[in-house]
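The sequence and the coordinates are shown first, and the description follows.

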Amino acid sequence: MYKVHCLNNIAKVGTDRLGEGFGLTENIDEAEAIMVRSASLHDIDFSDELLAVARCGAGVNNIPLDRCAEKGIVVFNTPGANANGVKEMVIAGMLLAARDIVGGIEWVDENSDDPNVGKAAEKAKKDFAGTELAGKNLGVIGLGAIGAMVANAGRSLGMHVYGYDPYLSVKYAWSLDRHVRHVQHISEIWANCDYITIHVPATAKTKGMIGRDQIAAMRDGAVVLNYARDALVDERAMAEALQEGHIRRYMTDFANSVTTSMAHATVTPHLGASTKEAEDNCAIMAADELRDYLLNGNITNSVNYDAVDMGPMEGAMRLAVFHLNRPNMIGQITSIISSSDINIENMVDKSRGEIAYCLLELSNIVSDDVIERLAKVDGIYRVRAIHQ
Amino acid sequence: MYRVHCMNNISQSGLDKLYKTFAPAKSLSVADAAIVRSTNMHELELPDSLLAIARAGAGVNNIPIDRCTEQGTVVFNTPGANANAVKELVVAGMLMASRDIMGSAEWVNDHADDEQVAADAEKAKNQFGGSEIAGKTLGVIGLGAIGAMVANAGRSLGMHVLGFDPYLSIMAAWSLDRHVHYVQRLGEILENADYITIHVPANDNTRGMIGRDQIAQTKDGVVFLNFARDVLVDEQAMARALENGHVRRYVTDFANPTTTHMKNALVLSHLGASTREAEANCAAMAVDQLQSYLLEGNIVNSVNFGDVNLGPIQTDERIVVLHRNIPNMIGQFTQIIAECGLNIENMANKRRGDNATTLIETSGPWDYSVVEHISEIEGVYRTRMVAPAS
């Protein structure tokens with residue numbers, strides 16, 4: 001029985017999903033796994049029992065990844081679980097940018113006591129009129145789980161869609177509407193698009209990727225949407241472009257001292273994933289990832305270890321060996337196992353940086369002695385036996 | 001060349017199209033046709049030469065329809081030209097009802113000077129969170145040009161869509177996504193939908209069709225959207241259902257003293273058709289309809305005479321008769337045509353209310369006396385002969 005500790009309220013659909021062989025515990029020190037949303041783990045000492053941490057969500061700033069990696073604690077997140085939540089926010093953002101719906105509602109609120117408000121609205125409404133999305137060009141930068149859904153939604157609303165992603169995966173390429181035009185140069189997005197939305201992770205490479213020059217290259221009257229990370233956009237340059245009227249509107253989910261004082265910006269308080277469904281999906285995905293790791297040793301969507309998928313367990317047992325990524329490690333592991341006359345049926349070894357994870361499927365159950373010998377090898381810092 | 005007078009500014013694309021086939025008329029008094037948006041024409045003198053008025057838009061309250069009918073002036077409007085504009089507003093309405101995007105943007109505005117706004121937003125955002133529309137059930141009442149587009153949009157956003165329309169047209173049926181589930185009773189929509197949007201015209205049958213009993217049949221937490229006409233909904237009953245929380249939100253495009261005081265209502269300032277594209281579409285449609293009528297006699301989207309369409313003229317000439325819908329009219333027309341030695345190749349007759357349109361396509365030598373004789377028949381408003389473009 002694996003014991004799971006929840007550090008935040010985790011949607012019940014998720015904890016129920018853990019299913020047979022799992023139980024919840026109030027005591028973090030006896031837990032083999034932690035499910036967490038936004039609570040910080042930086043000041044928590046991890047017990048030797050702890051095998052995995054699952055973050056229900058995408059960002060992992062609240063988790064000490066290095067410390068986890070050193071101890072052989074696999075950290076998971078749930079990318080894509082909030083994709084539809086963000087996609088719907090982007091559509092709303094485009095529609096609210098195209099017509100001043102919010103201004104129209106505020107006007108009605110301000111005139112709610114006018115007995116002839118209906119007639120007055122007919123005169124006032126031209127101030128809130130605008131344009132339609134259908135027939136316009138939408139540029140999507142980054143075609144991962146979210147970007148691909150946004151691109152398809154744009155198509156189905158009658159937009160011409162340009163997609164840019166130098167790292168496009170087969171999975172998302174497959175999911176894309178075939179009318180989405182895949183552009184080779186990001187400059188094609190700036191030159192052609194009326195609406196530009198960005199869906200890439202924030203890294204050293206992507207930081208400020210929408211800067212002064214890129215904004216200058218955009219069409220007059222372009223709308224820019226940012227539901228990814230504020231650091232992707234040079235917001236001072238954006239503020240100037242909005243002030244000059246070169247950019248029609250900036251729709252951003254990130255409130256900060258620059259965005260809140262921009263002209264023609266609509267700033268929401270990070271609502272992209274704030275839906276019940278996204279929370280449920282995150283919890284379900286986190287539970288599935290924990291279950292597959294604890295029962296089978298498979299790793300999907302880890303942020304500190306590479307993906308390993310050996311499918312469901314077929315042999316007598318599996319050994320998970322966490323080791324430093326240096327020469328002759330696999331040789332030592334395999335020779336210790338074969339010396340006990342046990343056959344290795346399947347093996348995968350995946351490294352990420354200085355650390356590596358080796359998953360072995362064995363024909364018979366090995367003795368504790370073999371496990372102890374493995375654990376003593378210099379460079380091996382955790383050995384885990386998984387029985388059927 | 002026919003002369004057309006524009007009573008209001010129409011979009012440049014519409015004008016360009018108009019003056020490809022027609023000449024501008026300096027005033028209404030010398031015009032063969034007029035294009036109008038909101039100008040009130042009730043007090044204006046309409047010249048006998050005026051064959052048609054095209055309203056770029058849907059409502060025709062600003063046009064003296066009875067007077068137009070009496071002198072044989074066909075009045076057109078442009079239904080459906082604003083369909084996409086309304087559809088996009090319905091989608092926005094569903095999303096705004098699902099998450100309090102507007103309240104959250106106001107929260108940020110109120111905290112613009114807060115140096116910790118990013119951190120504070122993470123705490124505040126819970127109150128603005130909500131749900132998604134994917135996977136929910138959308139009920140569309142009325143599957144005309146707008147309703148059909150809304151139903152398809154719902155499908156493509158991952159919703160289950162139920163459609164109700166006892167008068168579904170072939171064109172709309174054809175345009176519908178085949179996964180839209182067509183229901184036989186309004187009750188099926190009321191009982192099953194999480195979002196209900198209404199797209200029917202206002203008439204004696206539809207007024208108040210969403211009343212107390214209908215609202216009572218809906219799911220707890222249902223969202224209603226009304227971008228059609230306010231009188232379709234019993235708004236007092238809606239106000240009570242919002243007050244007691246049975247209805248989650250009422251999104252309406254109609255501001256009046258009832259809606260502006262509703263709890264949990266989003267009231268827009270009649271923005272349904274307020275887009276540049278809708279205006280351009282209206283103008284383009286109005287021009288198309290005038291062209292078709294003036295050059296070929298075909299009538300599409302008239303509000304005072306029956307719609308008839310024989311396509312392009314196939315024979316030597318076509319006779320267009322606008323007349324009262326009373327017995328023995330067609331018999332008299334055909335008799336006169338026979339007496340003038342013309343053969344009838346094609347004919348169509350369509351009534352609208354008390355009036356009707358008859359198109360008769362003939363072959364044989366042009367004889368203008370046919371027009372004169374038909375015009376003399378009691379109950380005929382106007383007779384015209386059109387020939388194929390040479």
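Two strands are said to pair if DSSP finds at least two bridges between them. The model examined here is predicted. Under that criterion, chain A contains an open sheet of 7 strands, in the order β8-β7-β6-β9-β10-β11-β12, with parallel pairing. Its edge strands are β8 (181-182) and β12 (265-267) of chain A, each of which pairs on one side only. Helix α3 (residues 83-98) of chain A packs on this sheet and touches β9 (195-198), β10 (222-226), β11 (247-252) and β12 of chain A. The direction of α3(A) makes about 150° with that of β10(A).

**Strand pairing**

Strands of a sheet pair through backbone hydrogen bonds, either parallel or antiparallel. The table lists pairings from both chains.

| Strand pair | Sense | Bridges |
|---|---|---|
| β7 (160-164) of chain A and β8(A) | parallel | 2 bridges |
| β6 (137-141) of chain A and β9(A) | parallel | 4 bridges |
| β9(A) and β10(A) | parallel | 4 bridges |
| β6 (137-141) of chain B and β9(B) | parallel | 4 bridges |
| β9(B) and β10 (222-226) of chain B | parallel | 4 bridges |

On the β10(A) side, the bridge partner of Tyr195(A) is Val223(A). Between β9(A) and β10(A) the chain passes through helix α9 (residues 212-217) of chain A, and this β-α-β crossover is right-handed.

**Strand β9 in each chain**

In a regular strand the side chains alternate between the two faces of the sheet. In β9(A), Tyr195(A) and Thr197(A) point one way while Ile196(A) and Ile198(A) point the other way, and all are buried. Strand β9 (residues 195-198) of chain B is likewise covered on both faces: Tyr195(B) and Thr197(B) lie on one side, Ile196(B) and Ile198(B) on the other, and all are buried. Thr197(B) can be followed across two pairings of chain B. Toward β10(B), the bridge partner of Thr197(B) is Leu225(B).

**A buried glycine in a loop**

Gly144(A) is located in the loop between β6 and α6 (145-156) of chain A. Apart from its neighbours within four places in sequence, Gly144(A) is in contact with Tyr172(A) and His199(A). Gly144(A) and Val200(A) are separated by 56 residues in sequence, but their C-alpha atoms are 7.7 Å apart in space.

**Helix α12 of chain A**

Helix α12 (residues 329-339) of chain A has a buried side and an exposed side. Its buried residues include Met329(A), Ile333(A) and Ile337(A). Because they cover an arc of only 55° around the axis, these residues are on the same side of α12(A). On the other side of α12(A), Gly331(A), Ser335(A), Ser338(A) and Ser339(A) are exposed. The elements covering the buried residues of α12(A) include β13 (317-324), β14 (344-352), β15 (355-362) and α13 (368-376) of chain A. After α12(A) comes Asp341(A), whose phi is positive, near 65°.

Chain B has 13 helices and 16 strands. The C-alpha trace of chain B spans about 85 × 45 × 35 Å along its principal axes. Of the 390 residues in chain B, 49% are buried. Among contacts in chain B between residues at least 6 apart in sequence, 61% join residues at least 24 apart.

The contact between the chains takes 48 residues from chain B and 48 residues from chain A. On the side of chain B that touches chain A, α3 (83-98), α4 (101-110), α5 (117-124), α6 (145-156), β12 (265-267) and α11 (276-296) of chain B each supply at least two residues. The largest share of that side, 7 residues, comes from α3(B). By residue class, the side of chain B that touches chain A divides into 27 nonpolar, 13 polar and 8 charged residues.

Technical notes
Residues numbered from 1 in each chain as written. Chains lettered and ligands numbered in written order. Predicted model: local features only at pLDDT ≥ 70, side-chain atom pairs only at ≥ 80, totals over all residues. Contact = placed C-beta atoms within 7 Å. Nonpolar A, V, L, I, M, F, W, Y, C, P; charged D, E, K, R; others polar. Buried ≥ 20, exposed ≤ 12 C-beta atoms within 10 Å, placed from the backbone. Arc of directions from axis to C-beta. Axes fitted to C-alpha atoms, helices over the stretch in contact; angles between N-to-C directions. Right-handed = clockwise from strand over helix to strand, strands pointing away.
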